[in-house]
Structures are given as C-alpha cells and as structure tokens.
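Walk through this structure with one residue as the starting point.

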Amino acid sequence: MDHGRLPRRLAAVPAALVAAGSLVLAGCSGQDAAAPAPVSTEQLPAPSSSAAPGQASEQTSEQGSAGPALPAALAAGHALSGTPQPAQDVVTGLEVPWSTAVLPDGTALVSERETARVLRVAQAGSSWAAQQVVAPGPGGAVPDVTPRGEGGLLGLAVSPTFEQDRWVYAYTTTAEDDRVVRMRLSDDPAGGPGTLSEPEPLVTGIDSATIHHGGRLAFGPDGMLYATTGDASAPSTAQDQQALTGKVLRVTPDGQPAPGNPVEGSPVWTWGHRNPQGLGWDAAGRAFAAEFGQDTQDELNLLEPGRNYGWPLVEGAVAGPDGSDADVTDPAFTAPLVTWRTADASPSGLLVTADAVYVAALRGQELWRVPLADGRLGQPERVFDGAHGRVRDVVAGPDGALWVLTDNTSRGSASPGDDRLLRVPLA
Ligand SMILES: [Ca+2]
C-alpha cells in the first residue's frame, strides 16, 4: 500500500493511522488457547491533530466550513467509563434483535432480523417499554426484507443530523442483494412510536448468500456512513477490490462513494474481511472493527483506509483457508490487534468508550471488555461470564449505561421470543 498516493485530505483524517503498519505481532503464539491473545500492546498510532473528531479538518477547511459535529452515538460512547455492574432488563420478549440505535430524544430503535420490525424503546414511568414503529411493509415491517440464514433486517444508524432530516439508515437483505437504505422517521403527535417511510436504496448490489452478511452501520467522526459487508460465502471476493463483499464501505450520507476513498469513485474503504459486524471509533479518531474468523481466530482490528485485512489468505494471525502459501507477517496484510478463539468470541457489535473497547460475542456468550488507556490495549476481560447467552450488540444507552442485545432466539432456542435488551451500568 502506497500511502503516498492517498489524497491529502484523506490522509489527514482517519489515516493518521498509517503508522499502524508498523504494528508487529508480538506473542500471539496460541499457546495459551484458553485466553484471548492481544497481538499488540504497543502504542496505537494517534491521528494528527488536524484530524481530531469534531474539529475543523483539512478536508472540511478546504470546503470553507467548520468540521462536522461528532455523531451522537460516538460522543455518547466516549462519555462512558468505569467498571461494568450487573445487568438489568430494559426490554424482554424480543425476537432475534440485531441492532440498537439511540435517537436524540432519548428513545432508542431496535431492529429485529427476521420479523423486519423496528421497535422504539421509550421510558414508561420508571421502566422502559418497546413499541413497533409502523413501516410500510406487511404487518408494519420494513418492506422488501427477505430474511434468510444470517440475513434480514440488520444494522441501524441514526443520521448525525437527525433533528433536521429524520433519516434512519438500515442494512437489509432483500430477495436480490444486501443493501443500505434509509427511511424517514415521523413522530406520532399522539405520543405513539411513530412511522417509517418507504426505504430509499442507497447502496445496492452487495452480493448476498445465506451467511456472512456483515451488516453493521455507523457514522464516523468524519460524518461519513460506514457499512461492514461479509464475504457472502465467496471468500476470494474479499480480495477483489471491485467486489462489495468482504469490505468496509465508506459512503456519503446520500450513499455516494465518499470523497477521498482509497480508489476515487469506489465505496471500498478497507478489504480482506470475512464477516465484520462491529465498528466504532475512539475519541482520538481511531477506527476499530470486530470480525468473525472461520475456525481458528476472531479479530479486533484497527482500520485504516486502503488496507488489506487478509481474508481468506490470513485468518487472525495464522494462515487462512486460501493461505497455504501466504506469509502472515507480510506487511501487505494488516494484522489484528486482538484475537480470540472462535469458541470464545464470534464477535458482532462493538462500542468504544473512554476506557475500553466492548465487543459483543455470540458463540462465546460474552461481553468482552478490552481495556483502552493512553492509546494502548490491555488484556481482554469477561463481563458476563456466559450469564446472558449469546450477545449481539452493545451501544451507549440513553441512560448512561451500556445497552446490550442478546441473541438467543435465532438458533432453535429453548426460550423463543425471550431475547432481551439489557442495561449494564458503569461505576
Ligand atoms: Ca484479518
């Protein structure tokens, strides 16, 4: 990767991370198979001062305007710190929930993967209650969603300028593809949960199979929309920079390839991913992503534009299924910061707070806390110790706690319809 070819404005924003290439594997021997193995405890590279989130950047100063405000979802995470306390129920009786997104009014939206419903969680007296937002599809669901396998109604994201534009973004599986859409949320003057408009397609034609959809959406500190895509069971496409699968995409809020992407006119931001479902930024503007490995190692990565995260030549820090001849130390591949055995993690959603990266883990039935201090990661710690089953997502809740979705109804569960939105206070 020749970073010198990146447009200057991009190099000034998230890619002050270019030095990440200097991170080297240190001690991922796999010998302590019971514990996750940080592969680097070195100082993470800091973005340049001109790229501080929410500040005027080189990119925006070229446009002669102030920098974008930090998206509320990121700011809310950065305001959190402390030790996780025992979890409490916010809402019970959810059916395969996938994503939570908090609105400026202190309510939150939850997507259900298979019903394609969007629920609005609002305070009701001293507790919380969920009601279905009415969308134009059958039964008030989001239209054109065709759940299959791991696909359906997946990630949600709220526009950073929601109070002006009312856009809610969603990653969906249709009969033909995976796609990113947006819908306008209208409030109900009578105090009900509101309505969603017909979806406007923004990014279409993402190949879709039964498994490996990716599906996480998040607005970055640069105000651009990022989407994680899986390899759709076609691993080699992750190495094809023309394909939309096995990537992290970066587009404008209108769905156009974002200015300054590694290849102008392409939405591709990073590549070589298998099935990334977690995405977040720290207060310094570093991008983190979590990704499912196949049989050996799951990953927490530091993302920087134009980098190749290795799949299917490399899995975690070892040779991948197509990598019998690959040199996993080749700097052409960006190594993960942390790896887990797939049985311990299988990570989905991710939240960066002031002092940690939290990772929701499905197969590992865990909420992992990876300490983050002074730009260094610490040894991952278990928060739930299996107490809540499979865990799908973690966000900063509107009440100052972590809000966490379980995922126990999607696999022939013994307790159908009993997935939960939990709150985990920090103290
Ligand atoms: Ca990788």
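Start at valine 357. Leaving aside neighbours within four places in sequence, valine 357 is in contact with Phe288, Leu300, Leu350, Val352, Val370 and Leu372. Two residues count as in contact if their C-beta atoms, placed from the backbone, lie within 7 Å. The model is predicted: local features need pLDDT of at least 70, side-chain atom pairs count only at pLDDT 80 or more, and totals for chains, interfaces and linings use all residues. Numbering starts from 1 along each chain as its sequence is written.

Val357 also belongs to the largest nonpolar core, which has 110 residues. Such a core is a set of buried Ala, Val, Leu, Ile, Met, Phe, Trp, Tyr and Cys residues joined through C-beta atoms within 7 Å. Ala73, Val168, Val357, Tyr358, Val359 and Val404 touch the most other members. Strand β23 (residues 356–361) gives the most to this core, with six residues.

Now step back to the whole protein. Its 427 residues are 57% buried. Buried means that 20 or more other C-beta atoms lie within 10 Å of a residue's own; exposed means 12 or fewer, partly exposed in between, with C-beta atoms placed from the backbone. The protein has four helices and 29 strands. These are DSSP runs numbered from the N terminus: helices are H or I of at least four residues, strands E of at least two. Of the contacts with a separation of 6 or more, 58% link residues 24 or more positions apart.

Next, the sheets. Strands pair if DSSP finds at least two bridges between them. Five bridges join β3 to β4 (residues 108–112) in the antiparallel sense. Valine 102 has alanine 108 of β4 as its bridge partner.

Another open sheet of four strands runs β2-β29-β28-β27, again with antiparallel pairing. β2 (88–94) and β27 (391–396) are the edge strands, each pairing on one side only. Antiparallel strands β28 (residues 402–406) and β29 (residues 419–424) share four bridges. Leucine 402 has valine 424 in β29 as its bridge partner.
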